[in-house]
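Trainee: I have not looked at this structure before. Could we go through it in questions and answers?

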Amino acid sequence: MADAAALKRQAAEAAFADLEEGINLGIGTGSTAEAFIRVLGEHVRAGFKVAGVATSQRTDRLCRELGIPMRTLDELPILDVTVDGADEVDGKLRLIKGGGGALLREKIVAHASAKMIVIADETKRVETLGAFPLPIEVNGFGLTATFLSIRRIAETMGLSGEIILRKVGDDPFITDSGHLILDASFGRIPDPEAMSAALHAVPGIVEHGLFIGMCSEAVLAGPNGVERLKS
Ligand SMILES: O=C(CO)[C@H](O)[C@H](O)COP(=O)(O)O
């Protein structure tokens with residue numbers, strides 16, 4: 001049976017195969033996105049022309065190390081495609097993202113792209129979003145008030161569960177944009193659109209990891225090959 005790394009590579013190669021030369025490309029964050037970056041790097045070294053915009057400092061560093069030409073989103077504000085990973089994808093191509101802590105820049109880059117392609121192994125495909133804790137990027141100011149607002153939203157929707165501050169060792173995890181992450185284990189989220197709208201109404205929340213109406217295709221690799229879900 002193919003191991004996880006091989007499946008990520010398989011999804012990455014399948015996504016790359018559909019890309020046209022000369023595009024402006026958003027490049028995601030995480031281990032599957034990293035597999036894609038390595039595939040892309042090999043093709044760039046063989047002469048493939050592309051301009052990349054990274055969704056995180058970590059991605060930007062790796063892309064530059066591999067010789068992929070990189071620009072900022074301000075230099076290239078209109079992108080053709082973004083290729084990124086996901087923590088969960090459902091049948092309507094709604095996603096949970098942010099396990100790697102890059103959700104804000106991932107969402108900004110995906111929104112600037114005509115198309116978002118998600119690559120993943122098939123274990124990321126779910127019936128209902130929410131088994132993976134929902135990452136919520138928050139401002140450090142008023143953290144407790146924001147935490148209580150999130151808990152109230154969950155209660156209103158009949159959900160409960162832990163909301164924890166993401167940490168690295170003893171210290172809070174700080175995002176590339178200088179914010180904090182709260183990971184909310186709500187369990188299954190029956191109405192992701194309503195949850196998204198309610199979270200967006202809380203001023204202390206900078207962004208959340210529900211990606212709705214953004215993904216146009218998911219390329220999912222499993223032991224029996226690659227499956228494509230399209231919107
Ligand atoms: O959203 C992300 C980072 O913020 C990642 O795309 C997501 O966490 C999936 O990561 P991996 O490919 O390592 O499973």
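**Strands, helices, ligand and domains**

Mentor: Start at one hairpin: β15 and β16 form it, with two residues between them. Bear in mind that this is a predicted model.

Trainee: Which residue stands opposite Gly 222?

Mentor: Strand β15 covers residues 217–222 and runs antiparallel to β16, joined to it by six bridges. Across from Gly 222, the residue in β16 is Gly 225.

Trainee: How many of the six residues of β16 are buried?

Mentor: Being buried takes 20 or more other C-beta atoms within 10 Å of a residue's own. β16 is hardly covered, and its count of buried residues is zero.

Trainee: Which strands stand at the edges of the sheet?

Mentor: Seven strands make up an open sheet of mixed pairing, in the order β3-β2-β1-β4-β7-β15-β16. An edge strand has a single partner, so one side of it is left without a neighbour in the sheet. The strands in that position are β3 (70–71) and β16 (225–230).

Trainee: In which sense do β1 and β4 pair, parallel or antiparallel?

Mentor: β1 holds residues 24–27 and β4 holds residues 79–84. Leu 25 stands opposite Val 81 in β4. The two strands pair over three bridges, and the sense is parallel.

Trainee: At about what angle does α2 run to β7?

Mentor: α2 lies across β1, β4 and β7 (113–121). Helix α4 also packs on the sheet, touching β1, β2 (51–54), β4 and β7, and its direction makes about 145° with that of β4. For α2 and β7, the angle is about 110°.

Trainee: Which element gives the most residues to the shell around the ligand?

Mentor: The ligand is surrounded by 18 residues, the closest being Gly 30, Thr 32, Gly 85, Gly 99 and Gly 100. Two elements give two or more residues each: α2 (31–45) and α4. By class, the shell has four nonpolar, 10 polar and four charged residues. The most, three residues, comes from α2.

Trainee: Which helix gives the most to the side of domain 1 that touches domain 2?

Mentor: Domain 1 takes in 4–126 + 212–222, and domain 2 takes in 134–207. Their contact involves 13 residues from domain 1 and 14 residues from domain 2. On the domain 1 side, four residues come from the helix at residues 103–111, which is α4.

Trainee: How far apart are the C-alpha centres of the two domains?

Mentor: The centres in question are those of domain 1 and domain 2. They lie apart by 25 Å.

Technical notes. Residues numbered from 1 in each chain as written. Predicted model: local features only at pLDDT ≥ 70, side-chain atom pairs only at ≥ 80, totals over all residues. Domains from an automatic or database assignment. Contact = placed C-beta atoms within 7 Å. Near = placed C-beta within 6 Å. Nonpolar A, V, L, I, M, F, W, Y, C, P; charged D, E, K, R; others polar. Pairing = 2+ DSSP bridges. Axes fitted to C-alpha atoms, helices over the stretch in contact; angles between N-to-C directions. Buried ≥ 20, exposed ≤ 12 C-beta atoms within 10 Å, placed from the backbone.
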